[in-house]
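Hi there,

Here is the structure I promised to pass on to you. Have a look through it first, and my notes on what turned up follow just below.

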Amino acid sequence: MTDRPTSRRRAGPPLAIGIDIGGSGIKGAAVDLATGAFASPRHRIPTPQPSGPAAVLPTVRHLADLIEQDAGGGRRPVGVTFPAPIIDGSTMTAANVDADWVGYPAETALSSAVGSQVRLINDADAAGLAEMRYGAGRGEKGTVLLLTLGTGVGSALFVDGRLVPNTELGHLEIRGKGAEKRSSAAQRTIRRLSWPEWAALLDEHMRAIERLFWPDLMILGGGVSKNAARFVPLLTVRCRVVPAELKGDAGIVGAALFAAPASWSRRPAGPPTDPGARPPAE
Ligand code: BGC
């Protein structure tokens, strides 16, 4: 075992590794769980094509090794995200990745590939955990919905800070199509839509969600959220809408948080002044 002695580890920030598997890139870093900040350089490797388990598993292993070295060696908890609902560690669908992932026992396979227990979570759920702990959802009670706008549209639903996992609101049917086929950030680029044109499609999606869930707050994540000023003012939903704060890195941070011991990762978020909202002091 190359691990450092426990007494020395306690002195440093609690670290975990987060790896975010997407349709175009696999990204990862070590995360300081006290702050949500990266504790190592962020690595990105293009997702192998075809993107089936046979090619992706060794890539995740390679990334985990690189990050572990960056973080000073020693075993750290490893969390991995995937763009599908995760039931009992299996990936249930494959909307933007290779069909070999459908019904695949990915958590077990990733754990064997990495050489230690990996915890697997839906990518949007991970981003939501990160935003609720460290970002735009911090201290928010009631019904909060995070939407990640990327190649697809992911969703993460929170009720009083607790995640309701595996919501797939990107696949809500709108005008006879899966909503993400109209409102994802990728569609804006592919179809060369102006910001107002795309905002109208996103607005229709968000209004359909609002009619069903009546959230108090919607948080919009994904890289496009850095341009929030160009589309958020055009949205007509009733609830508050804010851009995510961790932008494209929320998946990595949330994966690390999910892999951490329960005392860190599964506490409900509270207001910033509530000591219960913070990770335990080291
Ligand atoms: C998948 C979701 C995922 C979202 C964002 C959708 O196509 O079904 O599970 O969260 O894309 O990646």
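**What was found**

T167 counts as buried because its relative accessibility is 13% (buried means under 20% relative accessible area, exposed over 50%, and partly exposed in between, with a 1.4 Å probe and protein chains only). Please keep in mind that this is a predicted model: local features need pLDDT of at least 70, side-chain atom pairs count only at pLDDT 80 or more, and totals for chains, interfaces and linings use all residues. Residues are numbered from 1 along each chain as its sequence is written, and side-chain values use heavy atoms, with hydrogens and water left out.

To stay with T167 for a moment, it sits in the loop between β11 (162-164) and β12 (173-174). Helices (H or I, at least four residues) and strands (E, at least two) are DSSP runs, numbered from the N terminus. Leaving aside residues up to four places away in sequence, T167 touches S155, A156 and L157, where contact means heavy atoms within 4.5 Å. With S155 there is also a side-chain to side-chain polar contact of 3.0 Å. A polar contact is a pair of N or O atoms within 3.5 Å; within protein, one must be able to donate a hydrogen and the other to accept it, and residues adjacent in sequence count only if both atoms are side-chain atoms.

**The ligand**

Which residues surround the ligand? They are P83, A84, A95, N96, N122, D123, A124, V153, G154, E168, H171 and E180, each with a heavy atom within 4 Å of it. Oxygen atoms of the ligand lie 2.9 Å from a side-chain N or O atom of N122, 3.2 Å from a polar backbone atom of A84, and 3.0 Å from a side-chain N or O atom of E180. Taken alone, the ligand exposes 310 Å², and the protein buries 93% of that (areas come from the Shrake-Rupley method with a 1.4 Å probe; for residues, only the protein chains shown count as cover).

**The chain as a whole**

The protein chain has 10 helices and 15 strands. Of its 282 residues, 54% are buried. The chain exposes about 12300 Å², with carbon and sulfur atoms supplying 53% of it. Among contacts between residues at least 6 apart in sequence, 61% join residues at least 24 apart.

**Backbone details to look at**

Most residues other than glycine have a negative phi, and most peptide bonds are trans.

- Q49 and P50 are joined by a cis peptide bond, with omega about -5°; P50 lies in the loop between β4 (43-46) and α2 (53-70).
- R175 is not a glycine, yet its phi is positive, at about 50°. It is found in the loop between β12 and β13 (177-178) and is exposed, with a relative accessible area of 64%.
- W214 also has a positive phi, near 45°. Its loop runs between α7 (195-213) and β14 (217-221), and W214 counts as exposed at 52% relative accessibility.

One last stop is A54, in helix α2, which is exposed with a relative accessible area of 72%. A54 and D100 are 46 residues apart in sequence and 9.2 Å apart in space, C-alpha to C-alpha.
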